[in-house]
Amino acid sequence: MLLYIPLHILDLILSSLTFQELKRIQWIDSFFATYIPSIILRTKNQISISIFDSNKSLGLDKWLKLQKLSLIISTTSLQELKQILKQIPQSVKKLKLQLNYDLIIQERFYSYISKYMAQLTALKLIATGPNIIQTKQNLDAKFLHNHFYDKMKNLKTLHLDTTNLSKITNESIQNYLFFALFYKDEQFARQPSIEKISFDQLADTNQLERGYLLQSNFQINTKIKKISLKQFDQAQQMNLLLHLQKLMHLIGDQVQSIKLCQHLNTHTIIEGDKMTAFLKHFNNLNVFSLNIYNISFEILNFELDELAQLNLISLGLASLKYHQSHFASLFSLLPNLKMLNLDFTSIDDECLNILGCSTQYTQLKIRGCRKLTNQSLLPFLEKQKHLTQVDLRGVLGFSKKAFRLLTKNNALQQLSISDNKINNSVLVDLLYKNCGNLKHINIGELMNNQGLTNDVFKQAKDRNVCMLNMQSASINFTAQSFSIKVVCDFLQLVPNVQVLCLKINVQNIIFLIDQILEHDSICQSLQKLTLSCNGYAHLNVSQREIQIFQSFREKAIRLDTLTLNVSDGGNEVGKIFLNCISKKTKGHDIRLVLPQQNIQYII
């Protein structure tokens, strides 16, 4: 039943909302798309709207001033997708599409994009779907190159995110898109206008090798200014870091930002002369990230003076194994740094004291830097006034006093803590003073949970803490002293959270889902949910539990991915969901992941 609200009442309500509050509104069906845009878009034209296609006729043609649009597409039909894309107004400049992988690998999809949205300046594609690709791919680099060049001449940013897919064939969409950007047009010396490319969960780096060896088919792209490549656990594929020089044969020397992230299981050594040649090639570089996780890497015989010639404002060297004196020299050569990632490096108090000479840092990641103590942390934090993103996980020396200094001086938007010494008072103060700014928070296992009690988030609620801007949150309280109550209290603080990860000491994962069901706003905003518990309390699946799952399935209208980590009894969790599937309720498809069983379902 649809509740009718007179337009003059809607006008009164919406006119009282701030710009930030308007941005948080989620538009779900044709009612909102039909009645509200004519009111709010008379004066507001920067609103970013997320629409779930529960109704294929969305009335988007009325959104004449809309500039940013996010669509969560559940259909797997190209014809239905075409009807949705046709409705998007020409005012939209930035588009994010979350849709099934089978659609992304079809030529007609790009034909629709280029035909109906040639005005786009930014396009982000988020691929979802099953592990096994069911549709035969029908793409080629020349086709995509022509579409990007001929019809989408305004496109500046292209981002492909396939992190939701655990396995993609080597002949993946990434290859085709990558080829399209560097394809050598033999008839015309022309290039797509794209200046920024990002590939998340890079499945295959062989395209670098092909571009390097088959230069007759590839050309240097001089338009690209920013490049971001991420690769995870691809031991059988080419090591991205060992082939930095390959990039020099594909992208021009005008690149300003290079971010390379890789998860490796083997120690990597990069020869210093190759690194020197790489950095000399990009003489306009101001953002450089070379972040390795899971294992360390080294740069042998590297001349630090090469970095001094660059005007770097952002530097990432996670897991770099380097002599301490070299670290000190490095930072003395980079006076303009604002963003720094030194996760899992061996920096100590001496090095942090050198870092403290600068007071303009906005982002600091020192996860796993166990040599740091209060001796350097306190004077460093006393000087910092502009930090917005901080990762302190595993910094054992980060004391309560350091937390108070961090909270006092900075307006934090993103915070990650674990294995730190903290109590109720410090954590509540931190949340209270930053509740209006915090967008991402990760609270992992703290130092034996010293000083924290089961009512820590209740104390925050009593101080009127409400983190309305919170987009993603993760809490990990598995100590025996914590109960389901800590989850209940925390959920009241994050009514608009979109990505949620809960790990708690309970015996039944149903308890966690039941708690979320009590918060309608969270159910309606959630896009990704990860739940972890110690096990399953019994072997029989009750009707009550099935009803809880079905209710959650119906209420979580925007949920895309549900991950269940159950250390014991994972089969029973799967059985419950299979029961739900057999009695499928109305709603869109979501991806169910059971990591312990290495199984994924589309339900």
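Trainee: Where is N464 found?
Mentor: N464 sits in the loop between α19 (456-462) and β18 (472-477). Keep in mind that this is a predicted model.

Trainee: Is N464 buried or exposed?
Mentor: N464 counts as exposed, because its relative accessibility is 68% and the cut-off for exposed is over 50%.

Trainee: What about F344, what is its phi?
Mentor: F344 also has a positive phi, of about 60°, and F344 is not a glycine. Look for F344 in the loop between β13 (339-341) and α15 (349-355).

Trainee: What is the relative accessible area of F344?
Mentor: The value is 32%, so F344 is partly exposed.

Trainee: Switching to strands. How many bridges pair β19 and β20?
Mentor: Five. Strand β19 covers residues 499-504, and strand β20 covers residues 528-533. They pair in the parallel sense.

Trainee: Which residue in β20 is the bridge partner of K503?
Mentor: S532.

Trainee: And which way do β20 and β21 run, parallel or antiparallel?
Mentor: Parallel, with six bridges joining β20 to β21 (residues 561-566).

Trainee: Helices now. At what angle do α5 and α7 pack?
Mentor: About 15°, with the axes 10 Å apart. Helix α5 is residues 78-87 and helix α7 is residues 107-116. The two are therefore roughly parallel to each other, as angles under 35 degrees count that way.

Trainee: Is that crossing left-handed or right-handed?
Mentor: α5 passes α7 in a right-handed crossing.

Trainee: Which residues meet there?
Mentor: From α5, L78, L81, K82, L85 and K86. From α7, R108, F109, Y112, I113 and Y116. Those residues divide into seven nonpolar, three charged and no polar.

Trainee: How do α21 and α23 pack, at what angle?
Mentor: Helix α21 (residues 509-517) and helix α23 (residues 543-555) pack at about 45°, and their axes are 10 Å apart. That angle makes α21 oblique to α23. The crossing of α21 past α23 is left-handed.

Trainee: Which residues make that contact?
Mentor: On the α21 side, I510, I513, D514, I516 and L517. On the α23 side, R544, E545, I548, F549, S551, F552 and K555. The contact of α21 with α23 has seven nonpolar residues, one polar and four charged.

Note on methods
Residues are numbered from 1 along each chain as its sequence is written. This is a predicted model: local features need pLDDT of at least 70, side-chain atom pairs count only at pLDDT 80 or more; totals for chains, interfaces and linings use all residues. Side-chain values use heavy atoms; hydrogens and water are left out. Two strands pair if DSSP finds at least two bridges between them. Helices (H or I, at least four residues) and strands (E, at least two) are DSSP runs, numbered from the N terminus. Axes are lines fitted to C-alpha atoms, for helices over the stretch in contact, and angles run from 0 to 180 degrees between N-to-C directions. Angles under 35 degrees count as roughly parallel, over 145 as roughly antiparallel, 65 to 115 as roughly perpendicular and the rest as oblique. A crossing is left-handed if the near helix is turned anticlockwise from the far one by less than a right angle, and right-handed if clockwise. Contact means heavy atoms within 4.5 Å. Ala, Val, Leu, Ile, Met, Phe, Trp, Tyr, Cys and Pro count as nonpolar, Asp, Glu, Lys and Arg as charged, and the others, Gly among them, as polar. Buried means under 20% relative accessible area, exposed over 50%, partly exposed in between (1.4 Å probe, protein chains only).
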